[in-house]
Amino acid sequence: MEQSRAHFLSSLAVIYLVLAVSPAASDMADSFDKMWGDIQVFYDSTGHQIMSMTLDRWTTSAFRSKSLYLFGRFDIEIKLVPKDSAGTVTTLYMVTEGPWQYHDEIDLEFLGNTTGEPYTLHTNIYAKGKGGREKQHRLWFDPTQDFNTYSIIWNSRNILILVNGKPIRRVKNKMRDGYPFPLFQPMRLYASIWNADDWATQGGRIKTDWSQAPFTAFFRNYSATACVPYKTAWICGQGSSDSSWFSQELDEDGQQKMQDVDNQYKIYDYCTDSRRFPNGYPQQCGSE
């Protein structure tokens with residue numbers, strides 16, 4: 001039954017029951033609710049509304065989108081913690097709100113480093129409560145000097161993660177081959193900052209220097225061209241002025257760009273971790 005529903009959705013059948021919303025960038029305070037910690041909202045000199053999020057020895061910080069989404073394209077500009085950010089993790093992720101053992105999640109974690117060393121972008125995908133699909137890339141620019149755009153495209157065909165428009169990861173929907181994929185459960189977008197010096201920087205060898213606190217990251221220009229579930233409807237439709245994301249996949253140029261990023265900047269891939277999988281890699285590796 002689940003496979004037939006996946007095929008029905010991926011074929012973009014004729015009936016659509018969910019409307020797309022927010023095709024343009026909106027003020028941060030209009031789109032997000034503060035959850036906890038030290039979160040400030042202010043305007044820069046150009047009139048952009050910025051939300052800052054701070055970590056210190058006593059508290060983490062987090063905010064989340066007011067809306068739940070069922071598929072969409074999500075773009076946000078982030079300026080990460082500068083200087084000695086070792087041990088800190090700034091996150092951008094989407095997650096469902098149902099039972100945790102069945103949860104779906106699209107996870108981007110920005111791992112801090114010592115001054116002058118590059119940030120690592122750690123990505124993972126969960127479907128039906130199963131994750132363990134980690135990949136890591138060194139960012140090829142200094143993400144602390146200016147705002148950069150990080151994007152998630154989630155549709156019935158695949159999940160794409162982009163950095164400044166450049167694809168760095170794709171996860172295809174292979175439910176018909178028996179691999180779970182986030183398809184039926186709406187997700188909310190979250191951001192947080194927290195301390196993970198037991199593993200985040202150089203495998204936990206470099207600890208957080210609390211004399212550098214507070215650690216602050218900045219967010220602006222959030223855009224969600226997405227579908228908001230209507231009551232119990234699970235079918236997402238092309239109801240916005242820009243619905244190209246609804247069927248977006250990687251063309252040959254996009255695949256080459258992603259391969260170039262992998263060749264130059266990928267530092268970890270669960271699909272090549274022979275120590276972790278001495279008896280053979282997970283079957284879904286072939287679907288990525």
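Residues 24 or more positions apart supply 70% of the contacts in the protein chain that have a separation of 6 or more. The model behind this value is predicted. Its secondary structure consists of 3 helices and 16 strands. Of the 288 residues in the protein chain, 51% are buried. The accessible surface amounts to about 13400 Å², and carbon and sulfur atoms account for 47% of it.

**Annotated glutamates in strand 8**

An unreviewed UniProt entry places the feature "active site" at Glu105 and Glu109. Glutamate 105 belongs to strand 8, and glutamate 109 is likewise found in strand 8. Are these side chains placed in buried or exposed positions? Glutamate 105 has a relative accessibility of 9%, and because buried means under 20%, it counts as buried. Glutamate 109, at 10% relative accessibility, also counts as buried.

The surroundings of the two residues can be described in turn. Beyond residues up to four places away in sequence, glutamate 105 touches Tyr93, Met94, Val95, Trp100, Asn124, Ile125, Tyr126 and Met187. Its side chain also makes a polar contact of 3.0 Å with the side chain of histidine 103. For glutamate 109, with neighbours within four places left aside, the contacts are Val89, Thr90, Thr91, Thr120, Leu121, His122, Trp194 and Trp199.

The "glycosylation site" annotation, from an unreviewed UniProt entry, covers Asn113. Asparagine 113 sits in the loop between strand 8 (105-111) and strand 9 (120-126). In the model this residue is buried, with a relative accessible area of 5%. Apart from neighbours within four places in sequence, asparagine 113 contacts Lys83, Asp84, Ser85, Ala86, Pro118, Arg138, Thr201 and Gln202.

Asparagine 148 is part of strand 11, which spans residues 148-154. With a relative accessibility of 11%, asparagine 148 counts as buried. Which side chain forms a polar contact with that of asparagine 148? The partner is the side chain of asparagine 164, at 3.0 Å.

The relative accessible areas of the residues discussed so far are collected below.

| Residue | Relative accessible area |
|---|---|
| Glutamate 105 | 9% |
| Glutamate 109 | 10% |
| Asparagine 113 | 5% |
| Asparagine 148 | 11% |

**The disulfide**

A disulfide is a covalent bond between the sulfur atoms of two cysteines. The model contains 1 disulfide. This bond joins cysteine 271 to cysteine 285, with an S to S distance of 2.1 Å. Cysteine 271 lies in the segment after strand 16 (266-269), and cysteine 285 also lies in the segment after strand 16, so the pair ties together parts that are 14 residues apart in sequence. Why is the disulfide described as left-handed? The torsion about the S-S bond of cysteine 271 and cysteine 285 is about -95 degrees, so the disulfide is assigned that hand. Both cysteine 271 and cysteine 285 are buried.

Definitions and conventions:
Residues numbered from 1 in each chain as written. Predicted model: local features only at pLDDT ≥ 70, side-chain atom pairs only at ≥ 80, totals over all residues. Heavy atoms only, no water. Helix = DSSP H or I, 4+ residues; strand = E, 2+ residues; numbered from the N terminus. Buried < 20%, exposed > 50% of the residue type's maximum accessible area, 1.4 Å probe, protein only. Contact = heavy atoms within 4.5 Å. Areas by Shrake-Rupley, 256 points an atom, 1.4 Å probe, with all protein chains shown as cover. UniProt positions renumbered as here; feature names shortened; annotations may be inferred. Disulfide = S-S within 2.5 Å. Polar contact = N/O pair within 3.5 Å; in protein donor to acceptor, adjacent residues only side chain to side chain.
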